[in-house]
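Reader: I am new to this structure and would like to learn how to read it. Please take it one feature at a time.

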Amino acid sequence: MLNLELSNLQFHSFHSQHDAAIKTGGAFKVDATIFFEPGIIPVRHLHETIDYTTLYEVIKRRMEKPTKLLETLATEIAQEILSTDNKIQEVSVKIRKLNAPIPFFNGEVSAEYNLKR
């Protein structure tokens, strides 16, 4: 099994349950790992693998749609990625909110979802 990773994808998005954060938006990072069985080893052509530009577009498009919960984002992105190509066997998506609206909080919050075919 091969895997592709898209790591530390950065977005300014409007995901929150808090009105102030919805208005101003915030910084998010997304990591996605895609596990798949290529038809041929070694892989030499794009049609034998998963096009990571397509994966990025799925993530980017979904990150542009405001959503209240990180859990919703992670699960929906994973489901959409899995549906893009039958070679994909498993997807892991992690979304980190870099500036959570928690008083005196210094760190990140995240949601991660793993989905198998």
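Author: Start with contact, which means heavy atoms within 4.5 Å. Leaving out residues up to four places away in sequence, Ala 100 touches Phe 105 and Val 109. The model is a predicted one, in which local features need pLDDT of at least 70, side-chain atom pairs count only at pLDDT 80 or more, and totals for chains, interfaces and linings use all residues. Residues are numbered from 1 along each chain as its sequence is written, and side-chain values use heavy atoms, with hydrogens and water left out.

Reader: Where is the place of Ala 100?

Author: Helices (H or I, at least four residues) and strands (E, at least two) are DSSP runs, numbered from the N terminus. Ala 100 sits in the loop between strand 3 and strand 4. Its C-alpha atom and that of Leu 4, 96 residues apart along the chain, are separated by 29 Å.

Reader: Does Ala 100 count as buried or exposed?

Author: Buried means under 20% relative accessible area, exposed over 50%, and partly exposed in between, with a 1.4 Å probe and protein chains only. Ala 100 has 12% relative accessibility and therefore counts as buried. In the protein, buried residues make up 40% of the 117 residues.

Reader: How many helices and strands are there in the protein?

Author: The protein has three helices and four strands. Read from the N terminus on, the order is β-α-β-α-α-β-β. The C-alpha trace spans about 50 × 25 × 20 Å along its principal axes. Of the contacts with a separation of 6 or more, 61% are between residues 24 or more positions apart.

Reader: Which residues is Asn 8 in contact with, leaving aside its neighbours within four places in sequence?

Author: They are Lys 29, Val 30, Asp 31 and Arg 96. Asn 8 itself belongs to strand 1, and at 38% relative accessibility it counts as partly exposed. The C-alpha atoms of Asn 8 and Val 30 are separated by 5.6 Å, while the two residues are 22 apart along the chain.

Reader: Which residues have the most contacts inside the largest nonpolar core?

Author: A nonpolar core is a set of buried Ala, Val, Leu, Ile, Met, Phe, Trp, Tyr and Cys residues joined through side-chain atoms within 4.5 Å. The largest one here has 27 residues, and Val 30, Ile 59, Met 63, Ile 81, Val 93 and Ile 95 have the most contacts inside it. Two or more residues come from each of strand 1 (2-13), strand 2 (26-36), helix 2 (52-63), helix 3 (70-84), strand 3 (88-97) and strand 4 (109-116). Helix 3 gives the largest share, seven residues. Ile 95 shows how such a residue is surrounded: beyond its neighbours within four places in sequence, its contacts include Phe 28, Val 30, Met 63, Leu 70, Ile 77 and Val 109.

Reader: How many salt bridges does the count come to?

Author: Side chains of opposite charge can pair when their charged atoms come close. A salt bridge is a side-chain nitrogen of Lys or Arg within 4 Å of a carboxyl oxygen of Asp or Glu. By this rule there are six. One of them joins Arg 96 to Asp 31, with the closest N and O atoms 3.1 Å apart. Arg 96 is in strand 3 and Asp 31 in strand 2, so the pair ties together parts that are 65 residues apart in sequence. Arg 96 is buried, at 13% relative accessible area. Asp 31, Arg 96 and Glu 108 are linked in a network of salt bridges.

Reader: Which side chain meets Arg 61 in a salt bridge?

Author: That of Glu 80, at 2.9 Å from N to O. Arg 61 lies in helix 2 and Glu 80 in helix 3, 19 residues apart. Arg 61 is partly exposed at 47%, and Glu 80 is partly exposed at 28%. Glu 76 and Arg 62 form another salt bridge, with closest N and O atoms 2.6 Å apart. Here Glu 76 is in helix 3 and Arg 62 in helix 2, 14 residues apart. Glu 76 is partly exposed at 31%, whereas Arg 62 is buried at 8%.
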